[in-house]
Amino acid sequence: MDIAALSGEIFGFIPLGDIMLYITPFSLFMFAGALIFTFLIAISKTETQVEAEFGSLEDNRISIDLKEFKIRRFLAIICGLATSGAMITGDLFNFTLFVTLIGILNIGIVSAVKIIDVLDSAFQYGLIAMISSMPLFSGAALILGATGTLSILNLAQIQPNPMVYFGSALILIGLLGESGVAPFYATKAEMFRTPGSPFILIIHLSSLLIITRAIEILLIINTF
Amino acid sequence: MASILINLLIAAFMGTVLIGLQRKVMARVQMRPGPPIIQYVLHTLKFYLKETSFPKTAAMPFYIAIASTLCAIWVTGIIMGPVTQGSLLLIFGIYAMHKIVEHNAGSSSGSPYGKLSCVRAVFSASAELPLFALLIVVYLQTHTMIISDIITYQSINGPLIFSIPLAGIMFFVLLITKSHYSLFSITKGKDIISGYETEHFGVMRGYLMFSESISWYMLLWIYLTVFFGPLSLISYFMGMIVISVIIAIINAISPILNPNHSVMFQITCAFIGIFGSIILMII
């Protein structure tokens with residue numbers, strides 16, 4: 001299929017060994033967007049959550065200590081870079097690898113928080129993410145077996161067969177779990193109650209951008 | 001450059017007026033006089049003249065950057081939509097980033113209302129994105145995601161609303177979702193004051209309202225362009241007014257849903273829209 005009809009005119013290619021990256025307005029926008037948000041996270045402080053205390057006139061302030069701040073910021077930056085990688089990669093296996101890395105980092109960003117409800121939610125999301133990695137990689141493996149390539153540019157030139165459709169369905173299931181889209185949203189939403197706005201941005205950002213890129217990739221693979 | 005500026009001005013003005021019209025119609029349906037139609041325009045301009053203050057608890061400079069980013073995102077939307085008629089997929093990406101900003105505008109201030117809105121934004125994004133993904137049905141029908149090519153396809157084969165009606169109807173649910181005071185607007189429910197906008201003052205609030213106006217115009221523009229084919233300028237304006245009035249009537253007579261119900265309703269619509277349309281295309 002014609003990638004230009006899906007993502008816009010191809011500006012150029014970046015060959016990296018047998019992996020060929022292609023640059024379109026879509027991939028460029030998503031890549032730049034992920035990098036800009038990552039930069040913002042790197043330079044920002046965290047907010048202080050203020051809530052009225054029950055039974056008194058005092059305020060309850062929840063903030064992040066320096067040690068927690070440093071480890072969460074580090075994980076958030078790595079997650080941002082992994083998201084940027086997933087936006088620009090031209091290889092299906094690399095994409096699934098980035099998605100899995102994002103899932104692990106999302107759990108890591110929240111696991112440093114000392115709030116039981118948030119940790120419970122992170123644990124539940126972790127279970128879903130771990131389970132989802134199996135169909136994700138299986139799907140990529142099936143597509144490799146059926147076509148002999150994982151390069152998205154090459155896959156665009158190959159007529160899809162039933163095994164490719166099945167592999168794509170598995171990838172879709174894996175992505176739904178990893179990114180926490182409905183019906184898996186319930187496991188992930190509670191994670192966002194934690195303080196540390198810049199860090200939880202990257203959890204949301206990575207999920208939504210991954211879904212958007214996945215739509216492009218799945219359409220490229222499954223249409224001819 | 002001139003084309004971008006003209007389109008931006010049209011989008012900002014039409015968006016604010018249409019939101020004002022929607023509030024007026026809602027008020028009349030509810031037997032209230034309602035605000036003047038230009039109230040939203042005045043309201044937006046007012047915030048640019050007000051003093052800007054920043055909460056002591058906010059995550060700086062993230063708090064400032066996030067409101068400005070929303071403007072930048074929708075200006076890109078204008079460039080990729082009405083100006084260059086680029087890829088729908090890119091507009092999908094812009095919409096995803098809009099949801100991210102909506103989520104973080106709430107959480108960056110430290111306000112508990114903003115925080116609740118942030119959690120609800122995660123809920124709503126998990127359903128709104130699949131709803132926006134209905135546009136893949138357009139691709140399966142036309143074999144292109146480029147807006148100018150979709151317009152050409154419709155000028156030859158007729159409007160897509162007749163060939164993929166289910167996708168058109170379900171995309172309309174997304175329009176309802178993003179309209180003001182809708183049954184799905186859980187991120188700005190009055191139980192959490194103004195949701196993610198609660199702790200944004202002065203120019204920051206102005207940015208958010210300006211961006212909301214453009215996003216409303218853009219969603220209507222996408223709907224009319226993708227499902228109703230090549231339209232003249234007058235047809236666009238008439239179409240936007242008609243859709244805004246219909247949505248206002250729906251919003252006026254429906255209560256806001258519980259977040260879980262809202263998400264499940266939207267995801268059901270997305271499921272029916274995508275898979276129903278594909279089954280209909282196969283049959």
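Guide: Val173(B) touches Leu131(B), Gln266(B) and Cys269(B), leaving aside residues up to four places away in sequence. The model is a predicted one. Val173(B) itself sits in helix H9 of chain B, residues 165-178.

Visitor: What makes Val173(B) count as buried or exposed?
Guide: Val173(B) has 21 other C-beta atoms within 10 Å. The cut-off for buried is 20 or more, so Val173(B) is buried.

Visitor: How far apart are Val173(B) and Glu128(B) in sequence and in space?
Guide: They are separated by 45 residues in sequence, and their C-alpha atoms are 9.5 Å apart.

Visitor: Why is H3(B) called roughly parallel to H10(B)?
Guide: Helix H3 (residues 62-83) and helix H10 (residues 203-228), both of chain B, pack at an angle of about 25 degrees. Angles under 35 degrees count as roughly parallel, and that makes H3(B) roughly parallel to H10(B). Their axes lie 9 Å apart, and the crossing of H3(B) past H10(B) is left-handed.

Visitor: Which residues of H3(B) and H10(B) meet?
Guide: From H3(B) they include Ile64(B), Leu70(B), Trp74(B) and Ile78(B). From H10(B) they include Tyr207(B), Phe210(B), Ile214(B) and Trp221(B). By class, this contact has 15 nonpolar, 5 polar and no charged residues.

Visitor: How do you know that H6(B) is largely enclosed by the rest of the structure?
Guide: Of the 8 residues of H6(B), 6 are buried, so the helix is described as largely enclosed. The buried residues are Leu135(B), Ile136(B), Val137(B), Val138(B), Tyr139(B) and Thr142(B).

Visitor: What follows H6(B)?
Guide: His143(B) follows H6(B). His143(B) lies in the loop between H6 and helix H7 (147-157) of chain B.

Visitor: Why is the phi of His143(B) mentioned?
Guide: Most residues other than glycine have a negative phi. The phi of His143(B) is positive, about 60 degrees, although this residue is not a glycine.

Visitor: Why does His143(B) count as partly exposed?
Guide: His143(B) has 15 C-beta neighbours inside 10 Å. Buried needs 20 or more and exposed needs 12 or fewer, so His143(B) counts as partly exposed.

Visitor: Which residue in the loop between helix H1 (2-29) and H2 of chain B has been placed there?
Guide: Met31(B) is in that loop. Met31(B) is a residue other than glycine with a positive phi, near 65 degrees.

Visitor: What makes Met31(B) count as buried or exposed?
Guide: Met31(B) has 8 C-beta neighbours inside 10 Å. The limit for exposed is 12 or fewer, so Met31(B) counts as exposed.

Visitor: What kind of peptide bond joins Met60(B) and Pro61(B), cis or trans?
Guide: The bond is cis, with omega about -5 degrees. Pro61(B) is in the loop between helix H2 (39-49) and H3 of chain B.

Visitor: How many helices and strands does chain B have?
Guide: Chain B has 12 helices and 0 strands.

Visitor: How is chain A built?
Guide: Chain A has 9 helices and 4 strands, in the order α-β-β-α-β-β-α-α-α-α-α-α-α from the N terminus on. Of the 224 residues of chain A, 50% count as buried. The C-alpha atoms of chain A fill a box of roughly 70 × 30 × 25 Å along the principal axes.

Visitor: How many residues does each chain give to the contact between them?
Guide: Chain B gives 44 residues and chain A gives 41. On the side of chain B, the elements that give two or more residues are H3, helix H4 (88-107), helix H5 (112-132), helix H6 (135-142) and helix H12 (259-282). By class, that side has 28 nonpolar, 13 polar and 3 charged residues.

Notes. Residues numbered from 1 in each chain as written. Chains lettered and ligands numbered in written order. Predicted model: local features only at pLDDT ≥ 70, side-chain atom pairs only at ≥ 80, totals over all residues. Axes fitted to C-alpha atoms, helices over the stretch in contact; angles between N-to-C directions. Parallel < 35°, antiparallel > 145°, perpendicular 65-115°, else oblique. Left-handed = near helix turned anticlockwise from the far one by under 90°. Contact = placed C-beta atoms within 7 Å. Nonpolar A, V, L, I, M, F, W, Y, C, P; charged D, E, K, R; others polar.
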